[in-house]
Amino acid sequence: YHAKFKDPITHEEFSSGLGRPINGKKTNHRSSLRTPLHLAEVSIFNGQVYYIDRKLAEHAAASRAIDCYIFREEGADTKNTQLCLEPPYKTMEEGVSQNIDYNALLALRSLLSASENNKSSPVSVPSKKKSTFSAYAKSHAYLLHAPKSFLNNGFVQCYGIHQMGLSDSYVVEEMTHEDKMFYHAKFKDPITHEEFSSGLGRPINGKKTNHRSSLRTPLHLAEVSIFNGQVYYIDRKLAEHAAASRAIDCYIFREEGADTKNTQLCLEPPYKTMEEGVSQNIDYNALLALRSLLSASENNKSSPVSVPSKKKSTFSAYAKSHAYLLHAPKSFLNNGFVQCYGIHQMGLSDSYVVEEMTHEDKMFYHAKFKD
């Protein structure tokens, strides 16, 4: 069943939403559903939510209306009152134009429901954190090169949970592609039960030491494949390290005042809440391209041409004094490199790569300039 609630004043219609766990406290006033919306059986047909029970479908439509009514009131706190997983909207036009990824929302619904049903932690934890992950990253930066080790030790420092408490925290999935086996891992937080998937490793700023604290193949150089929006590694252990990396990024990002710039291990942006993580829409084609650039840059630190240790001038200063050359960008760039670095045009002779494309019997060109 799918229901619509029609506003008796404006005649705006609100469709059944996908219920979420409610923050509001229950009382003894028999004021709750026998089966909460977030635990009810649902199916998605043509982008609409259908419930196994007719009355629940009506409650779900009422929920969607409530979310929007509160959201439209200035200064209202929607965080603690939102009843549906779909975002509320200001106007009827916004509601009609919403493009909702129900696969992602159903996955989030399952996570939230599982978390609510399993509030008790599988390990004994102190009521208060002893330290922070960001503080541990400062004092033990070298361990960031071995994310699982960092995470194990971080839980000891912050919560007193020893490695045995994390022994069952990794779940690994396998995938065969072109006769090769790839692996994707998830790290499950032993306290909150939040799950973190293998991320796409990036070069690490933290300094290595002789503590055997780095991976034989760094994550950013390992062979990976993307399947269904998830990162798979050619090595099972690397997939686990990549899941640990994603967790570390988020833990540090959530600590107030933490410096994430020098500790981030994955190319995907970290997030504050489990809901944000599930709803992230990541362009892995772009991230793979960035990963290749960063890896190439790291492997080729030496410049192909001799450059002074300090810039002689700036491009902006040259643009002021030679504004007319901006009408011929290649000339401006050639001369700009002379002014700023003393690199003459011959140093730029191999800096352009051009690709061709035929369209409607015409030849078109796309170029890349390599600094």
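Glu-360 counts as exposed because its relative accessibility is 66%, where exposed means over 50% relative accessible area, buried under 20% and partly exposed in between, computed with a 1.4 Å probe on protein chains only. The model is predicted, so local features need pLDDT of at least 70 and side-chain atom pairs count only at pLDDT 80 or more, while totals for chains, interfaces and linings use all residues. Residues are numbered from 1 along each chain as its sequence is written, and side-chain values use heavy atoms, with hydrogens and water left out.

Glu-360 sits in the loop between strand S10 (352–359) and strand S11 (362–369). Strands (E, at least two residues) and helices (H or I, at least four) are DSSP runs numbered from the N terminus. Although Glu-360 is not a glycine, its phi is positive, at about 50°. Most residues other than glycine have a negative phi.

Asp-361 also belongs to the loop between S10 and S11. Its phi is positive too, at about 65°, and Asp-361 is not a glycine either. Asp-361 is exposed because its relative accessible area is 81%.

Ser-63 lies elsewhere, in helix H1 (residues 54–71). With 6% relative accessibility, Ser-63 counts as buried. Apart from neighbours within four places in sequence, Ser-63 is in contact (heavy atoms within 4.5 Å) with Leu-37, Leu-83 and Cys-84. A polar atom of the Ser-63 side chain lies 2.8 Å from the backbone oxygen of His-59.

Conventions:
Polar contact = N/O pair within 3.5 Å; in protein donor to acceptor, adjacent residues only side chain to side chain.
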